Amino acid sequence: MSFLKRLFRQRTKRVTITICGLDNAGKTTIVRYLVAGEYKSTVPTMGVNREVIDLPNLQMDIFDLGGQLDFRGIWPEINEKSDGLVYVVDASDYIRLDESKEIFYNIINAQINPLIPVLILLNKCDLEERLSRIEFINAFDLPSLGNIKWACFVTSAITGEGIYDAFRWFIDAFQE
Ligand SMILES: Nc1nc2c(ncn2[C@@H]2O[C@H](COP(=O)(O)OP(=O)(O)O)[C@@H](O)[C@H]2O)c(=O)[nH]1
Ligand SMILES: [Mg+2]
């Protein structure tokens with residue numbers, strides 16, 4: 001390995017990220033968007049998808065966890081080792097909002113290290129019938145997260161809206 005490469009590697013921080021949320025929230029589409037810089041169609045995730053994204057001084061090893069009930073059993077083990085959590089909610093899925101909230105707090109209270117950054121994405125904001133950010137923050141009781149370092153961004157993995165700002169915040173959270 002070259003001297004420069006070694007130097008560069010030393011400066012590169014590696015983090016393990018998990019992406020959770022109900023099936024169909026848009027998790028895989030968001031990861032694909034991060035990789036490709038544009039919308040790409042996806043198929044439902046069976047188990048775990050892993051994707052490594054290299055940024056100038058951060059390497060993100062992303063575990064995209066299948067949201068179906070069958071696969072949630074493997075979440076705790078992966079979340080325990082995680083340096084950062086991305087939690088994705090479908091802003092148009094009013095019916096499963098409570099289910100998503102329950103899962104979210106289960107991860108927060110029982111699966112992750114409370115010091116890691118938590119990025120919450122209210123996804124599918126391109127759809128007309130959807131929760132607003134304020135409605136969502138109230139419904140999910142996000143202020144009750146207290147000292148956890150969290151942020152909530154409104155995103156669309158189809159148009160790309162909000163993705164840059166959301167991940168800018170997330171990446172910055174690892175540089176502190
Ligand atoms: N309208 C809209 N559809 C989306 C968005 N993100 C994902 N989808 C669609 O939602 C479905 C589920 O997406 P997927 O990424 O597989 O969800 P996952 O189960 O959470 O990984 C797919 O049909 C996606 O095209 C979005 O921001 N807006
Ligand atoms: Mg998926």
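Select L142 to begin. In this predicted model, leave out residues up to four places away in sequence, and L142 touches F104, Y105, I120, F136, I137, W150 and C152. Keep those neighbours on screen, as several of them come back later in the tour.

**The core around L142**

Now widen the view. The largest nonpolar core has 29 residues, and F104, F136 and L142 are the ones with the most contacts inside it. At least two residues of this core come from each of β3, α3, β4, α4, β5 and α5. Which element gives the most? That is α4, with six residues. Apart from this core lies another one, of 24 residues, and I17, I30, V31 and F153 are among them.

**Helix α4**

Next, select residues 97-110, which make up helix α4. Against what do they pack? Turn the view and you'll see α4 lying across β1, β4 and β5, running at about 175° to β4.

Step along to Q111, in the loop between α4 and β5. Is it buried or exposed? With a relative accessibility of 8%, Q111 counts as buried, because the cut-off for that is under 20%. Its side chain reaches the side chain of N106 in a polar contact of 3.0 Å. Not counting residues up to four places away in sequence, Q111 touches W75, P76, N79, E80 and N106.

**The sheet**

Switch to a cartoon view and find the strands. Six of them form an open sheet with mixed pairing, in the order β2-β3-β1-β4-β5-β6. The edges are β2 (48-55) and β6 (150-154), each of which pairs on one side only. On average, neighbouring strands here are turned by 20° against each other, direction ignored. Helix α2 (residues 27-36) packs on this sheet and touches β1, β2, β3 (58-65), β4 and β5. The direction of α2 makes about 155° with that of β3.

**Strand β5**

Zoom in on β5. How many of its six residues are buried? The count is six of six, so this strand is mostly covered. Show its side chains: V118, I120 and L122 point one way, while L119, L121 and N123 point the other way, and all are buried.

Look at the strands on either side, too. β4 and β5 run parallel and are joined by six bridges. To find one of the pairs, select Y87 and I120, which are bridge partners. β5 and β6 also run parallel, with five bridges joining them. Here, V118 stands opposite W150 in β6.

**T18 in strand β1**

Go to T18, which sits in strand β1 (residues 13-20). T18 has 0% relative accessibility, so it counts as buried. Leaving out residues up to four places away in sequence, T18 touches F63, L65, I78, N79, S82, G84, L85 and V86.

**Two loop stops**

Finish with a pair of loop residues. First pick N24, found in the loop between β1 and α2. What is its phi? The value is near 80°, which is positive in a residue other than glycine. N24 is exposed, with a relative accessible area of 55%.

Then jump to D141, in the loop between α5 and β6. D141 isn't a glycine either, although its phi is positive at about 60°.

Technical notes: Residues numbered from 1 in each chain as written. Chains lettered and ligands numbered in written order. Predicted model: local features only at pLDDT ≥ 70, side-chain atom pairs only at ≥ 80, totals over all residues. Heavy atoms only, no water. Helix = DSSP H or I, 4+ residues; strand = E, 2+ residues; numbered from the N terminus. Buried < 20%, exposed > 50% of the residue type's maximum accessible area, 1.4 Å probe, protein only. Contact = heavy atoms within 4.5 Å. Expected span 1.5 Å × (residues − 1). Pairing = 2+ DSSP bridges. Axes fitted to C-alpha atoms, helices over the stretch in contact; angles between N-to-C directions. Polar contact = N/O pair within 3.5 Å; in protein donor to acceptor, adjacent residues only side chain to side chain. Core = buried A, V, L, I, M, F, W, Y, C linked by side-chain atoms within 4.5 Å.
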